[in-house]
Amino acid sequence: MSDLSLTILAETANDAQAIERLHERTFGPGRFVLSAYRLREHVDHLLDLSFTAWIGTLLVGSVRQLPICIGDTKALLLGPLTIEPPFRGRGVGRALLDRALRDAKAGGHRLVLLVGDEAYYSRVGFKAVPKGRATMPGPVDYSRLLVAELVDGAFTNVSGAIRPDWSMAK
Ligand SMILES: CC(C)(COP(=O)(O)OP(=O)(O)OC[C@H]1O[C@@H](n2cnc3c(N)ncnc32)[C@H](O)[C@@H]1OP(=O)(O)O)[C@@H](O)C(=O)NCCC(=O)NCCS
């Protein structure tokens, strides 16, 4: 960002209310029926791999990641990624994504999955999951199911149902 100084921090428990309000404003009450939210009901997101974007003391964006499995393979589910409307289009989303993926890789994670627009997320390495390779619990538009390999070839031979990583259950 050129005109404003942006700070990216790991999420803390103190951020929960502000992030919830951001999600409510962005996605509305219908968000709880989305397939990705069903996974989030069972497992908490990882605070050290979830990030907030700040301009001064103002929280302007958030991204979360939570532990899932695709078949027997461990992965992360990224999302929601949300930026306050007045701060969109200034690279905040990109900065959050770069940090989330960088720290996930540094932490030994190999795969990140999300439901979103390929046109946006392809910029940071996400590709459409080939049809039939992975199934979400509940309704989902499979053309929006995307995966990023943090290690080359990490998605090769991976398939199956996407579910919470029960070893991390609440
Ligand atoms: C999508 C979102 C996270 C992007 O954040 P952002 O901070 O505005 O994004 P950045 O500034 O990093 O990137 C902006 C670029 O992405 C493009 N872009 C934004 N949303 C896009 C989309 N859905 N599809 C394709 N391109 C998109 C912009 O046109 C812009 O392009 P440019 O760089 O060529 O001008 C933000 O708009 C948002 O919070 N939207 C509402 C919530 C949402 O849809 N979240 C994603 C759920 S999957």
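How far is an oxygen atom of the ligand from an N or O atom in the side chain of Arg88? The separation between this oxygen atom and the side-chain N or O atom of Arg88 is 3.4 Å.

The structure is a predicted model, in which local features need pLDDT of at least 70 and side-chain atom pairs count only at pLDDT 80 or more, whereas totals for chains, interfaces and linings use all residues. Residues are numbered from 1 along each chain as its sequence is written, and side-chain values use heavy atoms, with hydrogens and water left out.

**View 1. Polar contacts and shell of the ligand.** The ligand is surrounded by 19 residues, of which the closest are Ile83, Gly89, Gly91, Gly93 and Asp117; a residue is counted here if one of its heavy atoms lies within 4 Å of the molecule. By residue class, the shell holds eight nonpolar, six polar and five charged residues, where Ala, Val, Leu, Ile, Met, Phe, Trp, Tyr, Cys and Pro count as nonpolar, Asp, Glu, Lys and Arg as charged, and the others, Gly among them, as polar. A polar contact is a pair of N or O atoms within 3.5 Å, and within protein one atom must be able to donate a hydrogen and the other to accept it, with residues adjacent in sequence counted only if both atoms are side-chain atoms. Two or more residues of the shell come from each of the elements α1 (16-27), β4 (73-83), α3 (92-106) and α4 (118-121).

**View 2. The fold as a whole.** The protein has four helices and nine strands, which are DSSP runs numbered from the N terminus (helices H or I, at least four residues; strands E, at least two). Read from the N terminus, these elements follow the order β-α-α-β-β-β-α-β-α-β-β-β-β. The radius of gyration is 15 Å, close to the 15 Å that the globule rule gives for 170 residues, so the protein is as compact as a globular protein of that length; this radius is taken over C-alpha atoms, and the rule is 2.2 Å times the number of residues to the power 0.38. Along the principal axes, the C-alpha atoms fill a box of roughly 45 × 30 × 25 Å. Of the 170 residues, 45% count as buried, a term that means under 20% relative accessible area, while exposed means over 50% and partly exposed in between (1.4 Å probe, protein chains only). Among contacts (heavy atoms within 4.5 Å) with a separation of 6 or more, 69% join residues 24 or more positions apart.

View 3. The C-alpha atoms of Val63 and Phe51, 12 residues apart in sequence, are 5.4 Å apart in space. Pro80 is placed in strand β4, and the peptide bond from Gly79 to Pro80 is cis, with omega near -5°.

**View 4. Helix α2 at Ser35.** Ser35 lies in helix α2 (residues 35-40) and is buried, at a relative accessible area of 3%. Although Ser35 and Gly138 are 103 residues apart along the chain, their C-alpha atoms are separated by 5.2 Å. Leaving aside neighbours within four places in sequence, Ser35 is in contact with Met136, Pro137, Gly138, Pro139 and Val140.

View 5. His109 is found in the loop between α3 and β5 (111-115) and counts as partly exposed, at 26% relative accessibility. Residues up to four places away not counted, His109 touches Leu49, Leu76, Ala104 and Leu150. Asn157, in the loop between β8 (145-149) and β9 (160-164), is exposed, with a relative accessible area of 75%. The phi of Asn157 is near 70°, a positive value in a residue other than glycine. Most residues other than glycine have a negative phi.
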